[in-house]
Each structure stands twice: as C-alpha cells, then as structure tokens.
Amino acid sequence: MGSVEWKTHQRLLILLWVLSFPGVFSFSELSFTVEPKDVAVSHGERVILDCQARGESPIGVRWRKNGVQLHESGRSRVLSNGSLCISSSEQSDEGFYQCLAHNRYGSVLSQRSRLTVSKVLLFITHPVPAEVTLGSVARFSCAVSGSAVISWELNQRSLPLDSDRITVLPNGVLQIHDVTMRDAGKYRCLATNMASRVRSQEAELTIIPALGPRPLMKPHIIAGPQNISAGLRQSVVLECLAEGNPRPLVSWSRADSKPIDVSGARVLGNGNLIISAVKAHHSGTYLCRATTPGTRNYSIAPGNLTVLVPPTLVEKPESQTRPRAGTARFGCQAEGTPVPRITWFKNGQVIHSNGRTKMYNNKLVITQIIPEDDAFYQCQAENSQGSVVSTSRLIVVLSEDRPSAPRNIHAETISSSAILLAWERPQYNAYKVIAYSIHYMKSEGLNNEEYQAVIGNDTTNHIVDDLEPARNYTFYIVAYMPMGASRMSEQVTQHTLEDVPLRTPELSLTSRSPTDILVSWQPLPPKLSRGRVSAYRLSYRTATDEQVISVELPVPSENCTQYLLQGLQPDTIYLIRMSVSTRVGWSQPSAWNSHRTPKTSSATGERLRAQSTLIWLITICFVILLPQNDGGFLQRCHRRTKYPRVKYHVKLLAFSANGDGYQAHQTVNTPGCPSAPHRRLAALPSPDHIHATADSSSEVSLSWGCPAFSSGKPVSYSIRYGPLSPSDATAVRYVQTSEQTVTVKGLRPNTRYEFAVRLHMDQMSSPWSASVYHRTLLEAPSSPPRSVRVSLIEEDTALVSWKQPDQPDLSVTHYTVLYASQSSWLAGEWQVLQREGTNTMALLEKLESGNVYLVKISASNQAGDGPFSSTVELRLTSKTHHSHLYAIFALFIAGLSHMDEKSMSGIIAGVCIALSCIILCIFILLSKSTTHRKSASSKMIGQVRNDVMRSGASSANQQQAENAEVLLPMMRTHFIDAKVRVCLLLYYSAMCNEMTCKD
C-alpha cells in the first residue's frame, strides 16, 4: 500500500515540475486584452486609440500607420498603458492604425483600426430645376462628399413635412406626390455633420396648370431602385417613385423568389423600401412593381443590393511545437464580401514566399525548420469593411544531444552544371548522424525554389548536378539524427561555369533595297544563353551556290541585335543562319532561313524626297537614273493637296517592261493650321471589350469589339502579349490579324499573361487598349521526378529522396511513392506513400531483411498525375543464407497463386512428361539387369545399380542447381512475369529429367 502511495506522489511531482515550465501547455506568452477600434472625430478633437497587451514582462508597444512605424511627435504620443493619444486631430491623421506588442518571445500585431476626421462637406450633386403638371409627381435629389443629415428648404424656409404627399428619404431624395400650386417655389437641401453645415444651390419647381381632366395613363416608374453596396448593419433605401392615372400601387419582391425579411424593413412614403441594419442574407436583386389598380398593367424596375461583410476567420492557425528540420503548416481561411485578402506576418513583419517558406491557398508552410523560426505567426484577413487577425506560435524544440552543424563547407565548380561540395563531420555527437541533407538555391532573384539532396552518413562530399550554367548558387548542409537535426551549417556561394548557348535567336529578315538584307533578332534569355554572349556569327549563301560566307559580330553591348548584309544580288534567294558564342565556345548553328531580295529594273526610283510646303500641299520629288546616258538623270516633282496635322506615308515604285523595281518610301507630317495652332485631329479609338479565355495550358483565345467610327476602310489589329513578370520583359511577343478574334499559342502553363490590342487603319494606329490579364491552365506533369535515390539508414529503414520533374513552371501538389518487395511485386501489391509537393524525401520503414525492394515515384497536381520514375532497387542483406533450390521453390509457390487455367494445363503436361521419362528409365534399367543376370552375381548387380542411380541423380541435381543459379539473376534484373517464370522453371525441370534418362 505504501509503494502505491509513493508512486502516486511521484507522478504528481513530475506533473507539477512539467507544468512549471512556461509555454508547455500554453502558447499565450503575448496577446492583446484591448485592441484599437474604428474612430470618427471632428477636426481638432482629441483622439485615443486603445491598446493593451499582456504576457511576460517587459512588454513594449509601438504603433504603425498605414503599415509604416509611427514616430511620436508634439501631437501624438504613446501612453504608459500602450494606447496612442493624438491631442488635436487633423486631416492628415486619417488612416489605418495598428499597435505592435513585443517581448522576448517575439512580436504580435493588433487588428486594424480606421481613424476618420470629419471635414467640411462639399456638394457632389445639386438639385435641378423641374417643370411638372398639376397633380403629377415631382422629385429633387442632392448628394454630399461625406456622411451627413440632409433636410430640405422651400423659399429659404424649412419644408414642412406634415403632409403624406411629401417624403424625404434618408439618402437626400425629396418626393412630392399630387403637386399643387402651393408646391411651386425654390428648393434647396441642407446638409449637416459635426464639422460643417452647408446648403446647396436652389432649384425652382414650376407647376403647369392642367387644361382639363387628366387622361388615363399606364404606370410609369420615374425613379427605380439603384444598384447599392452597403456595409453590414447599415440602413438601405430602395427608392421606387411611380406615376400614372389612376395612381399605381407599388409592391416589392425578390428576383430569386425568396421572401423579403420583414424584420427591420418598412415602406416609406408611397412605395420606398427601407431596410434597417442590413445583414448578409439581404443581398440580392429587388424588383419594384407599379400596377394600375384593378388591371394587369404594370411596370417593373430592378435594383441589386450587395451587403458588404467584414472578414471572419472560419479556420484559424494553431500553435505548434516542432523539432529542428521538421515541417510546420498553418492554415487560415476567411469569409467576407468582398473576398478577404490573406496576409501572413512573422513577429509583425510581412512574410514573402522564398526558399523554405511557401504560401499557397492561404496556407503557410515552413520546411527544414531552424531555431530562428521560433516566433509568433499571424494570419490577417482584410477587405474594404475591416480586418481580423489570428495569432499562433511556433516553438522549435532543440535536442540537447543533437549533433553540431557540419563544418568547413567548401564548394568547387566542376562544370557548367555541377558543383562539388565537401565538408567535415560535426564536432560533437558525430556518431549519431544517420544522413546529411544538402540544401541549395539560386542566389539572385526572389521566390527561388530551394532544392535538397539527401545522402548517407558514410561520405562527406557530394556532387550537386542539374544546375543552370553561369549562375550563383547558395549551399548549406544539415546533419540528421533519428530524433532531429543539427543547426544549419554556414552558407557558401559558388558560381557555375559558362556553357555554349543552348540555341540561337529567331531571325527576322527584311530588305531595304534590292542589294541588302537586314537581319534582326532578340537577345537570348539567360537560361538559353548560358553565359554572357560574346559574339554572333552570320553565315549566308545563295540557294544555288555552295560557297558560304561568314561574318563574325563581336557583342560590345546587349543592344547588338541587327546587322545589314550589303552588296547582294537583286531578285535572288539567300539562305542565312546564325551561331552564338560565349567564352566557352560556339553553339550549334540554326536552321537555314530563306529570303529573296527585291527585283530591280532599268529605271529605278531613288532619292525620294517628300516635303510639306504648305499646310494643305505635299510636294514629292524623285530622281530617275538614265542607264543609257552615263551619269544622266531626270528629276520630277508632284504635288498633292492633303489635310493639316496628318502623318502620310509616301511610297514610290519605278517599273518598266522588264518588271517592277524596288519601292522607295518616306513618312512626312503636314503642319497645323496657323489660325488654330492647338487644334488636333482625333486619333483612332482603341479596341474595347477585350475578353480572354484559356483554352489549354499553352493557348489563350482573345476577342474584342471594333470601336464605333464611320469608315469603310479595312482595319487590322496588333496583339501584344507577354508574361506578367519583370524578369520576362524580353519575352513580349506580337501577333497581327485582321479578325476580331485570335488564338495565342505557345504559352507557358500556369502563367499569368498580359494582353493588349491596338487598331491600324490607313497608316494610322490607335493607342494600346487597356491591358487584360489571364492565366493559362495548369499542366499535368509530363515527366517523372528526377534523381531518385534510396539509401539504407538503419537495418529496417531506408530514406528515399528525389528532385522535382524537369518541367518549367510546374506546380506539384503531392508525390506518390510506391515500394514493394519482389514477392509483393509479383503479386501486384504495392505499398503507397504520399508526400506534399514541398517535400522531396520519405522514410520507408519496417523493411524485411534479405529482400530486394523496388521503389518508384510520380508527381501529381490538380491537372492530373504524371508518369512514374524508373524503378530503383534496394537490396537488404540477409541474416541467414538460403539455398538456391529454396529460392526456386519460393518463387514457384509465389507463382502458383497467380496462375490461370492455361498455365495450370502447361504445368500438368510438363509433370506428365517428366513422370513418363522416369518410368521409361526404370524400365530400361530393369531390362538391362535381367539380360546380365547370368554373367554377374546379384551383389555385383546391386552395386552397379546403386552406382548408376547415384551418378544419375547427382548429375541431375547438379545441373538443376546450376540452371537455378543462372535463372534467378536474370529474373531479378528483368522482372519476368510470374506465369512465364513458373513455365521456365518447369521447362528446366523437364529438361533435367530427360538428360538423366539419357545418361
């Protein structure tokens, strides 16, 4: 009994000791008890924004305005409890405020509060004079720049509201039904708020007397409901003002046939619907219907109500405790209208995706955790109606006996795609290391992917391959033990060598005269140039001549993108190709590009000169060479009347009986009219209503509307498109078309593109249209993961590592790892593991010794599954040695369980043949022994019979074992199907029996 009590006391003491550590069962080392809220004040009023935090002392509080740290000044200071005090508010104080509390555990950010300072009201809309018939309906409206209470005055006196005929809506609209002569006069509205009181301009109401009784009139809605966006719990006015004779009845309904929530809803005046304190379910389309009493004559006006809802978190991030080198995942989902935007903070600083930290689908994932990741992580959801923040904590657990970081990291460049890493083992606890993880990423740029390679603990060097040429890479190494990992090693940066360019630029060929060709191209992007381009080589020849002429063009700068080939033959087809060089060497030349130079003739137009001499006159002068008169020429001039301030493109073509010559051209502008120097002709309008639709992962269809202008001339369009990324500015491309639709092909998958369209007509071009943005569809992986490696780290545990498939712009959501022993593979039984797309390694546990395991991996995303990689073998050493015959028997038994009727028939036939051979051998032996019975004694016969049987059996067994030894490696290497394998075994068995019989 005493021992039981002592054990109980022991457990209580251990529990109290564990609870004494801060943060073991609580993550509230820092939080807010009071957070700032939205405040609206008058100009010059004192403002206090409350903020109070609790946690382990000392706690400091700082303030931010519009995301920037706020410094104390003469008017603003932070109080002792953390609140912000602004002694005299000004218009410049308006904005969004947040307080930041911090202590030794980290920093947390409060929710966002908005400070609004009332300002002097300004009228946006003034009432407009109106003329109405006696007995009809009159309406005035006004609007101001801020929130205010609006009332109306008639002839500079307050308008009495003692009649049901007069209605003033909260949005400032004045309605008067059944107007009388007393309603005539000058109306104005009065707007009042805390800062000012202003009056609008006056608008006169004129009443036209009726000449007789009012005629019958169908219902007509003068002012129907407007499309309104209102915040949660605000009041909404849906106006419906109708007239007719007799007076129409106004009713309301919803377009979705749902009933209107009558709680908080009322009708004001003659049919205006007022909804107080709107909620999310009030959103929808409302229909105002005016109906003539006793008839089916009606009129309908729709209006859409959108209730703006501040964000709320439906999934909050949870605090976590993770070991070093582990993975932490924080989820955050929000609802609201408009859709909230999610932002992640670490200790009050915005988190950007890069390296180990990734954000996708509003989730935050941190891989390869290090001690510096121990911090507060906050998810902030915000829209136009407000913001909400949720805080979580990541605690990184450090094992006391973990190994120290790998030392003396050294990187050496081997080639343009490989770097050798070498290091020394950790100084402490190196014997506990079971594997090393090498991490590397590009040093330049943002949002670079971090890669990793896992190797065993039996080496301290590794070659990292599949790198891009002429790039800087940063490396660090982590040592792993069964219960965690070491710190990151020091980082080293190494540059890969340059390589020959991967390919050449696309060439564009044009001619300016019959004897030249202008060759132009775009610079290669770094991924294709694989280093700095040092020279271009242009090679050209005629289509009928085999002699190739080459011109080398050194590259002094990046602007070397064209070259003019001169002294060529007119009307001749030339073949041109290009090679590109870096310091390493020349690339493979491009394919031949063909171009025909223009024709020439005996009379060639040259030296075209177009000059605008008057504001309405263009003089065109040109020279005609006379070949029959050496050095002779004729000059001709021609005048045309044209419009001022217009750009004209003048072309001149000389021709003769031998054909057309080369076109000379020049652009000239006519000057403006002196009497109206600032007058300009209207430019062409840009295309409108541009719509983009993604057809596939590499195609986007564009359509647009033709601008409305009167012209019967043909038009064409240019489409500009390119990836929406600053680093891809050189990837902008252009497409020409005469249609109003085009399909842009050859795009990258899962990439956001920018598109713009411009109009061309009669040598004039419109400005580029407003850009539209669209993303191509996601593409399923088309290649398997790369560099699949399997390393045995314990007797029954293996580590699998791989690299992302070699496919640009590929998004991987998860990897599927299949592994099985050979016997399970024969039965078609694979074990399945799945890992997230950010993880490129997995542990295979509970492996059985003496087996050969097969491993393969595939990548998948939302678009589909990719192919599996090649199968990788892992051989586990056996603790006991088995005979070859036992292995054959095991394979035979494994194959029997998967045989069909045909295979079983083959086995039965083989067994029958073998039995027949055995029986025949016995019969022959008995016959021989009977024949020689008289010439030898029975003892000698028995000895001979035993010798023969022993030699035959040993020969058969020896040959059968040799066949089994030959058969097993072949099956392990080529993975023969189970049915074929069993048939081969039986075939070998039958052959052995036949050979025994013959012996």
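Val-911, Leu-915, Ile-918, Ile-922 and Leu-926 make up a nonpolar surface patch with about 430 Å² of accessible area together. The model is predicted.

**Nonpolar patch**
- Ile-918, one of the patch residues, sits in helix H5, which covers residues 901-931.
- Ile-918 has 39% relative accessibility and therefore counts as partly exposed.

**Disulfide Cys-51 to Cys-99**
- Cys-51 is joined to Cys-99 with an S to S distance of 2.0 Å.
- The link of Cys-51 and Cys-99 is right-handed, with 75 degrees about the S-S bond.
- Cys-51 is in the loop between strand S3 (47-49) and strand S4 (52-55), while Cys-99 is in strand S9 (residues 95-103), 48 residues apart.
- Cys-51 is buried at a relative accessible area of 0%, and Cys-99 is buried, also at 0%.

**Disulfide Cys-142 to Cys-189**
- The sulfur atoms of Cys-142 and Cys-189 are joined at 2.3 Å.
- The S-S torsion of Cys-142 and Cys-189 is about 135 degrees, so this disulfide is right-handed.
- Because Cys-142 lies in the loop between strand S14 (138-140) and strand S15 (143-144) and Cys-189 in strand S20 (residues 185-192), the pair ties together parts 47 residues apart in sequence.
- Both Cys-142 and Cys-189 are buried.

**Disulfide Cys-332 to Cys-379**
- Cys-332 and Cys-379 form a disulfide with sulfur atoms 1.8 Å apart.
- The torsion about the S-S bond of Cys-332 and Cys-379 is about -60 degrees, so the disulfide is left-handed.
- Cys-332 is buried, with 0% relative accessible area, and Cys-379 is buried with 0%.

Technical notes
Residues numbered from 1 in each chain as written. Predicted model: local features only at pLDDT ≥ 70, side-chain atom pairs only at ≥ 80, totals over all residues. Heavy atoms only, no water. Patch = residues over 30% accessible without salt bridge, like charges linked within 9 Å, V, L, I, M, F, W, Y side chains within 5 Å. Areas by Shrake-Rupley, 256 points an atom, 1.4 Å probe, with all protein chains shown as cover. Salt bridge = Lys/Arg side-chain N within 4 Å of Asp/Glu carboxyl O. Helix = DSSP H or I, 4+ residues; strand = E, 2+ residues; numbered from the N terminus. Buried < 20%, exposed > 50% of the residue type's maximum accessible area, 1.4 Å probe, protein only. Disulfide = S-S within 2.5 Å.
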